[in-house]
Amino acid sequence: MSGKTVIVKLGGAAITNKKGVCELAEERQLEETLDQVQQAYQILKKAGHQLILVHGAGSFGHPQAKKYNLKAGWSNDRSEPNETYLKGYSHIRACLQQLSHGICSRLELRNVPVLAMSPIDYIETSDCEETGTEAFEAMATRVKKYLDLGFVPVLHGDAVLDHIRGCTILSGDIIMFQLTQWIPTIARCVFITDVKGIYKADPKVFTSQNDLIQYIFAQQQQQQQEHDIKEKGENETLADVTGGMQGKIKWAKRIVLFDNTIDCIICKWGSKEALDMMTLESIKNKNYQMTIVTNTPEAIASS
């Protein structure tokens with residue numbers, strides 16, 4: 001591989017209707033999001049850079065995982081899945097494949113040479129997020145192979161088998177982090193969602209006196225972070241078994257603590273910020289409305 005590599009995470013809130021079940025986002029939102037991905041691919045390719053896509057499950061995964069208790073898995077109660085777990089695991093995998101096909105087919109029509117990769121085919125975790133980095137080698141090797149050939153790998157949050165739990169839910173955020181461990185050309189991770197970034201409270205509920213947090217520092221104490229950033233209101237009623245915004249913050253912090261040369265940005269679909277960040281524009285524009293997760297203030301000044 002040559003040039004730099006950008007990982008773009010298309011969050012479930014950007015591509016699906018998380019209030020429904022197996023519902024894509026409304027047409028304009030989905031089309032604008034994927035149009036920007038197509039533009040980003042063309043710009044990166046022309047500059048000699050590469051793109052990896054990871055998408056969330058949204059309404060194609062979180063309600064199903066919650067209904068059948070697939071995050072915790074079946075091994076808490078038994079060594080093999082009962083009929084309910086068999087039905088639930090089969091069902092969520094069908095839903096996830098439906099979403100992956102829907103996203104990839106739309107991108108292929110936009111002449112983006114995508115190749116879908118389901119994590120279940122490459123990894124069996126050991127207690128979900130506690131899984132060691134070495135377990136992700138096969139997945140990363142295949143991603144690098146696809147990049148070398150000129151393709152755009154498309155991965156997604158998935159229901160995978162787990163040595164300890166029987167099964168679990170592997171989030172797209174964890175996949176992003178693990179890929180940074182194996183692919184040294186990764187220069188930026190962009191989280192695309194349905195809000196401008198991170199707020200101190202849910203911006204869909206608290207619309208006043210609720211400023212956008214432009215910078216989150218990875219060395220800040222986690223307890224203080226959880227105190228300062230609260231997700232309140234209706235989002236508490238939506239199924240999100242992988243941690244929601246707190247999950248994004250957690251894994252973005254781990255990425256920049258592992259390598260402080262990697263930019264991690266959270267921004268809104270369809271925005272100028274989204275396209276600019278996907279195409280490796282500088283993060284130093286003070287007018288950007290987005291959240292940057294960084295290791296130290298000095299990293300911002302030097303970017």
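Is Glu129 buried, partly exposed or exposed? Glu129 counts as partly exposed, because its relative accessibility is 25% (buried is under 20% relative accessible area, exposed over 50%, partly exposed in between, with a 1.4 Å probe and protein chains only). We will come back to Glu129 at the end of the tour.

Before you start clicking, note that this is a predicted model, in which local features need pLDDT of at least 70, side-chain atom pairs count only at pLDDT 80 or more, and totals for chains, interfaces and linings use all residues. Residues are numbered from 1 along each chain as its sequence is written, and side-chain values use heavy atoms, with hydrogens and water left out.

**Stop 1: the sheet**

Switch to cartoon view and find the open sheet, where 8 strands follow the order S3-S4-S2-S1-S7-S11-S12-S10 with mixed pairing. Strands (E, at least two residues) and helices (H or I, at least four) are DSSP runs numbered from the N terminus, and two strands pair if DSSP finds at least two bridges between them. Now select 114-116 and 215-217: these are S3 and S10, the edge strands, each with a single partner strand, so one side of each has no neighbour in the sheet. From one strand to the next, the twist averages 20°.

Next, select 263-268 and 291-294, which are S11 and S12, an antiparallel pair with 3 bridges. Zoom in on Cys264, whose bridge partner in S12 is Val293.

**Stop 2: a helix across the strands**

Select 83-109 to show helix H4, which lies across S2 (50-55), S3 and S4 (152-156) and runs at about 170° to S3. Axes here are lines fitted to C-alpha atoms, for helices over the stretch in contact (heavy atoms within 4.5 Å), and angles run from 0 to 180 degrees between N-to-C directions.

**Stop 3: salt bridges**

The structure holds 10 salt bridges (a side-chain nitrogen of Lys or Arg within 4 Å of a carboxyl oxygen of Asp or Glu). Lys9 sits in strand S1 and Asp173 in helix H6, 164 residues apart, and both are buried.

Then pick Arg28 and Glu26, whose salt bridge spans 3.8 Å from N to O. Arg28 is partly exposed at 49%, as is Glu26 at 43%.

Lys250 belongs to helix H8 and Glu129 to the loop between S3 and helix H5, so the pair ties together parts 121 residues apart in sequence.
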